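I opened this notebook to keep track of what I looked up, one entry at a time. The sequence and the structure come before my notes.

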Amino acid sequence: MSHHDTDEPTPEPTAFQDFALDPAILRALDDLGFESPTPVQAASIPPLLEGRDVIGRARTGSGKTAAYALPMLQCVADAPKEAGPVLALVLAPTRELAQQVASAIDDLGRHLRIRATAVYGGASFVPQLKALERGATIVVGTPGRTLDHLNRGSLDLSGTRFLVLDEADEMLRMGFLDDVEAILAACPRSRQTALLSATMPDDIRRVATGHLHDPVELSLDDDGPRVDHIDQSWMRVPQRHKLEALHRVLLTGPPGATVVFARTRIGCAEVADALAQMGIPADALHGDLNQAGRDRVVERLRAGATRVVVATDVAARGLDVDHVSRVINLDLPPDVETYVHRIGRTARAGRDGEAITFVTSAQRRRIGGFEKALGITIRKLDVPDDLAIAVHRQDLLQEELVEASSGPAIAEAHGFASRLVDDGWSLHDLAAAALARLAALRDVDLRDPDALTVDEPPPQSQPQAPHHQAVPDELHVRVFFSIGDRQGVRPGDLVGALANEAGLPVPALGRIDIQHRKAFVSMPPEM
């Protein structure tokens with residue numbers, strides 16, 4: 001195996017424009033917010049674009065999917081847009097990785113009008129058969145289901161130009177080696193092959209020797225993004241209580257933006273709407289949004305107009321916002337690579353960041369596997385109780401007062417306070433009255449934390465709804481809006497508009513009722 005040495009050192013590419021990629025691919029990269037290649041991409045893409053076979057040892061989370069997907073798309077860019085033969089195949093060990101890779105290829109190939117067809121076990125044959133019958137330029141599959149389609153005659157690999165074995169060591173561990181060998185034998189010997197693996201056991205070396213032609217060998221397991229600078233923790237939360245636990249976590253924690261990862265597009269929208277109903281403005285970012293909608297959400301987050309974005313993995317792939325201070329995984333990611341990609345959205349540009357993952361009892365051992373794979377410790381935390389929320393709000397109020405004490409209006413405030421003192425107010429009574437008013441607007445309990453009567457911490461099986469001191473709903477007035485769900489208005493849209501455009505305090509807002517052509521928001525009369 002060669003190591004791709006040359007007489008003259010080749011400068012490492014610093015931008016995707018440095019590669020000889022189709023303009024349509026570069027346009028997709030720009031859409032997704034990708035600017036600079038990771039080390040594994042910078043090393044792998046040039047030899048793959050030259051048509052060389054590659055065997056690469058890449059650490060999880062190093063960006064290896066794009067490292068082979070971009071040359072693969074370049075290889076099939078000239079494919080006819082109508083139904084044609086399978087020109088590229090990716091083998092992945094798990095259903096989750098196959099789906100993730102297919103989605104990534106769809107994103108990167110959007111302007112080439114090339115989509116990937118995913119085939120995997122645990123799902124009906126019929127939709128996969130129909131997709132293959134319509135014509136699939138790129139297929140991403142698990143070895144077992146790919147071999148099933150091959151044996152049934154529904155998958156023809158005789159014209160395959162580009163083949164990838166992704167996480168080859170994991171396929172070996174899961175007992176797929178014989179299936180992989182059979183699939184390789186069904187592909188033309190003239191194909192180009194990339195084998196990527198975190199480790200290189202002897203059986204993987206044997207596959208490489210028998211099926212790759214003079215491969216370039218790349219060892220990049222010490223490169224790629226690190227996560228040990230991110231404060232990572234996990235909370236034991238049953239599935240049915242995750243929304244309540246999320247609400248509590250969002251009521252505590254650092255300032256700045258939060259990205260919440262949901263598993264599905266539907267779950268993403270439902271969580272965002274539920275948070276808005278709870279008084280926390282949130283935007284949804286998922287694959288059903290068009291590019292203008294995605295750009296609008298990202299721009300609102302970047303400008304600080306929204307503090308919480310609920311996203312799916314694919315939709316968040318181009319999300320690059322420096323002031324994201326926290327990532328929350330509503331569900332344990334399917335693999336370590338997805339976990340790394342998710343939490344890498346925080347702690348950008350030298351800033352602090354934290355990541356919290358909700359874990360069910362059955363998933364506890366998998367968190368230990370993540371720790372081992374990444375060489376880190378992920379702390380266990382409890383879901384915040386009422387006391388933690390109350391203390392956090394007091395801390396935020398104190399920080400707000402400290403900031404105001406050096407603000408531009410402090411001189412006028414001193415003058416007004418002096419006039420009130422001359423009228424007979426004591427400074428203590430004046431400060432207390434001002435704090436009481438501000439605390440009511442911010443929904444802050446001002447009692448001494450040691451004197452607060454708070455229930456025991458919420459059991460991990462039954463998180464409780466947080467205590468609020470907002471105005472009771474029966475004392476609210478209902479404000480009418482002449483728009484409704486006919487125009488696509490969601491609760492989060494109204495809460496965001498009232499908070500960000502009108503400057504109204506979110507905790508003081510009450511019930512939101514959206515009808516077909518109208519909407520009502522309850523709020524205190526003085527607002």
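**Entry 1, the whole chain.** What share of the contacts in the protein with a separation of 6 or more is accounted for by residues 24 or more positions apart? I looked this up and found that such residues account for 76% of those contacts. I note here that I am reading a predicted model. For the secondary structure I wrote down 18 helices and 17 strands. The protein has 527 residues, and 49% of them count as buried. I then looked up the accessible surface, which comes to about 25,200 Å², with 51% of it belonging to carbon and sulfur atoms.

I turned to helix H10, residues 242-250, and helix H11, residues 265-277, whose axes are 11 Å apart and which pack at an angle of about 55°. That angle lies between the cut-offs of 35 and 65 degrees, and H10 and H11 are therefore oblique to each other. The crossing in which H10 passes H11 is right-handed. On the H10 side I listed Leu243, Leu246 and Leu250 as making the contact, and on the H11 side Val271, Ala274 and Leu275. Sorted by class, the contact of H10 with H11 has 6 nonpolar residues, with no polar and no charged ones.

Next I looked up H6 with helix H8, residues 177-185, and found an angle of about 40° between them, with the axes 9 Å apart. That makes H6 oblique to H8, and the crossing of H6 and H8 is left-handed. From H6, the residues Pro143, Gly144, Thr146, Leu147 and Leu150 meet Asp179, Val180, Ala182 and Ile183 of H8. By class, I recorded 6 nonpolar, 2 polar and 1 charged residues for the contact of H6 with H8.

I stayed with helix H6, residues 143-152, in which His149 is found.

Arg95 has its place in helix H4, and with a relative accessible area of 34% I put Arg95 down as partly exposed. Which residues does Arg95 touch, not counting those up to four places away in sequence? I found Tyr120, Gly121, Gly122 and Thr142. For Arg95 and Thr142, which are 47 residues apart along the chain, I also noted that the C-alpha atoms are separated by 6.5 Å.

Arg113 is not a glycine, although its phi is positive, at about 60°. I located Arg113 in the loop between helix H4 (95-108) and strand E3 (116-119), and at 63% relative accessibility Arg113 counts as exposed. Glu167, not a glycine either, has a positive phi of about 55°. The loop that holds Glu167 lies between strand E5 (162-165) and helix H7 (168-173). Where does Glu167 fall, buried or exposed? Its relative accessible area is 19%, and because the cut-off for buried is under 20%, I wrote Glu167 down as buried.

Note on methods. Residues numbered from 1 in each chain as written. Predicted model: local features only at pLDDT ≥ 70, side-chain atom pairs only at ≥ 80, totals over all residues. Heavy atoms only, no water. Helix = DSSP H or I, 4+ residues; strand = E, 2+ residues; numbered from the N terminus. Buried < 20%, exposed > 50% of the residue type's maximum accessible area, 1.4 Å probe, protein only. Contact = heavy atoms within 4.5 Å. Areas by Shrake-Rupley, 256 points an atom, 1.4 Å probe, with all protein chains shown as cover. Axes fitted to C-alpha atoms, helices over the stretch in contact; angles between N-to-C directions. Parallel < 35°, antiparallel > 145°, perpendicular 65-115°, else oblique. Left-handed = near helix turned anticlockwise from the far one by under 90°. Nonpolar A, V, L, I, M, F, W, Y, C, P; charged D, E, K, R; others polar.
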